[in-house]
Amino acid sequence: MANVTITSKLLVPAVPALPLGPVNYNREYQDELSRVLRLYFQQLGGAFQAYLNEGGGRFLSVPCGSYFSNQSVTLSANVATVITLNNTDPNATIDTTLSNGSVLVTYPGIYNYQFSAQFDNSDSQAHDTEFWVRVDGTDVYESATQLTVPSRHGSRNGAAVAALNIFITANANSVIDFVVAANHPDIRLVDLPASSSPYVRPSIPSLISTITFVSRLPT
């Protein structure tokens with residue numbers, strides 16, 4: 001099998017410094033000027049071809065972010081609660097940040113917002129929870145989902161994971177929040193530490209949130 005070299009960065013051609021032309025026509029000068037321009041346009045064409053070919057999207061750097069919370073949150077019955085994030089994943093954070101625990105985007109646009117939330121129920125009965133997305137303090141239309149968290153069984157609390165992705169419209173410096181309401185106080189979002197028994201696994205955040213720029217706003 002032939003070796004394949006994969007690059008993740010386009011080489012941007014340097015703009016050539018064109019010399020001042022002579023007063024009278026000079027064939028050597030004209031040939032050299034044509035050579036410099038031809039090389040520059042070849043480099044530009046190569047860069048565009050690499051970008052437009054299959055896999056060319058790897059050269060793009062779009063706004064995106066990844067955040068999580070390692071705090072458990074106890075919910076009050078029938079009260080909508082904004083769940084804050086307190087950690088940033090540095091491997092996927094470009095032009096987004098946390099603002100008082102909310103995701104803040106730098107640029108206006110349409111974003112793909114995704115989350116997963118770890119719910120816990122310590123009661124002997126199953127209970128319901130609902131969750132949705134809020135942008136700049138306003139609930140996002142048609143963004144709510146309902147989930148039933150099973151009851152405690154044996155020595156273990158009932159557990160359920162909520163996961164959803166939705167396109168949202170955001171302005172520059174908009175803040176995006178995850179909102180939860182439960183019908184019983186024994187429902188909570190729970191953070192669980194890493195474990196080594198009976199098998200090794202990493203910790204479980206109470207909330208994971210990612211956001212990725214999809215498109216500019218329609219005009």
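Predicted model: local features only at pLDDT ≥ 70, side-chain atom pairs only at ≥ 80, totals over all residues.
**Exercise 1. Which residues does H184 contact, leaving aside its neighbours within four places in sequence?**

Solution. Leave aside neighbours within four places in sequence; H184 is then in contact with A77, D123 and H127.
Step 1: H184 sits in the loop between strand 12 and strand 13.
Step 2: judge its cover. The relative accessibility of H184 is 19%. Buried means under 20%, so H184 counts as buried.
Step 3: look at the polar atoms. A polar atom of the H184 side chain lies 3.1 Å from the backbone nitrogen of D186.

**Exercise 2. Find the residues of the largest nonpolar core that touch the most other members. Then trace the contacts of F178.**

Solution. Step 1: take the core as a whole. The largest nonpolar core has 30 residues. Y113, F119, I168, I176 and F178 touch the most other members.
Step 1: ask which strands supply this core. Those giving at least two residues each include strand 6 (102–105), strand 7 (109–121), strand 8 (127–135) and strand 10 (145–149). Strand 11 (158–170), strand 12 (175–182), strand 13 (187–189) and strand 14 (207–215) also supply at least two residues each.
Step 2: turn to F178. Leave aside its neighbours within four places in sequence. F178 is then in contact with T81, V82, I83, Y113, F115, A117, F131, W132, L189 and L207.

**Exercise 3. How many salt bridges does the structure hold? Work through three of them.**

Solution. Step 1: the count. The structure holds four salt bridges. Side chains of opposite charge can pair when their charged atoms come close.
Step 1: take D31 and R27. Their side chains meet in a salt bridge at 3.1 Å, N to O. D31 and R27 are four residues apart in helix 1, so about one helical turn separates them. D31 is partly exposed at 40% relative accessibility, while R27 is exposed at 54%.
Step 2: take E32 and R35. Their side chains meet in a salt bridge at 2.8 Å, N to O. E32 and R35 are three residues apart in helix 1, so about one helical turn lies between them. E32 is partly exposed, with a relative accessible area of 36%. R35 is partly exposed too, at 40%.
Step 3: take D120 and R188. The closest N and O atoms of this salt bridge are 3.3 Å apart. D120 lies in strand 7 and R188 in strand 13, so the pair ties together parts that are 68 residues apart in sequence.
Step 4: check the cover of this pair. D120 is buried, with a relative accessible area of 8%. R188 is partly exposed, at 29%.

**Exercise 4. Which residues does Y29 touch, not counting residues up to four places away in sequence?**

Solution. Step 1: locate Y29. Y29 is found in helix 1.
Step 1: list the contacts. Not counting residues up to four places away in sequence, Y29 touches P19, L20, G21 and P22.
Step 2: pick P19 from that list. Y29 and P19 are ten residues apart in sequence. From C-alpha to C-alpha, the distance between Y29 and P19 is 8.9 Å.

**Exercise 5. Which residues make the nonpolar surface patch of about 500 Å²?**

Solution. Step 1: name the members. F48, Y51, L52, L60 and V62 make this patch.
Step 1: V62 lies in the loop between helix 1 (27–52) and strand 1 (64–69).
Step 2: Patch residues have over 30% relative accessible area. V62 has 31% and is partly exposed.

Notes. Residues numbered from 1 in each chain as written. Heavy atoms only, no water. Patch = residues over 30% accessible without salt bridge, like charges linked within 9 Å, V, L, I, M, F, W, Y side chains within 5 Å. Areas by Shrake-Rupley, 256 points an atom, 1.4 Å probe, with all protein chains shown as cover. Buried < 20%, exposed > 50% of the residue type's maximum accessible area, 1.4 Å probe, protein only. Core = buried A, V, L, I, M, F, W, Y, C linked by side-chain atoms within 4.5 Å. Contact = heavy atoms within 4.5 Å. Polar contact = N/O pair within 3.5 Å; in protein donor to acceptor, adjacent residues only side chain to side chain.
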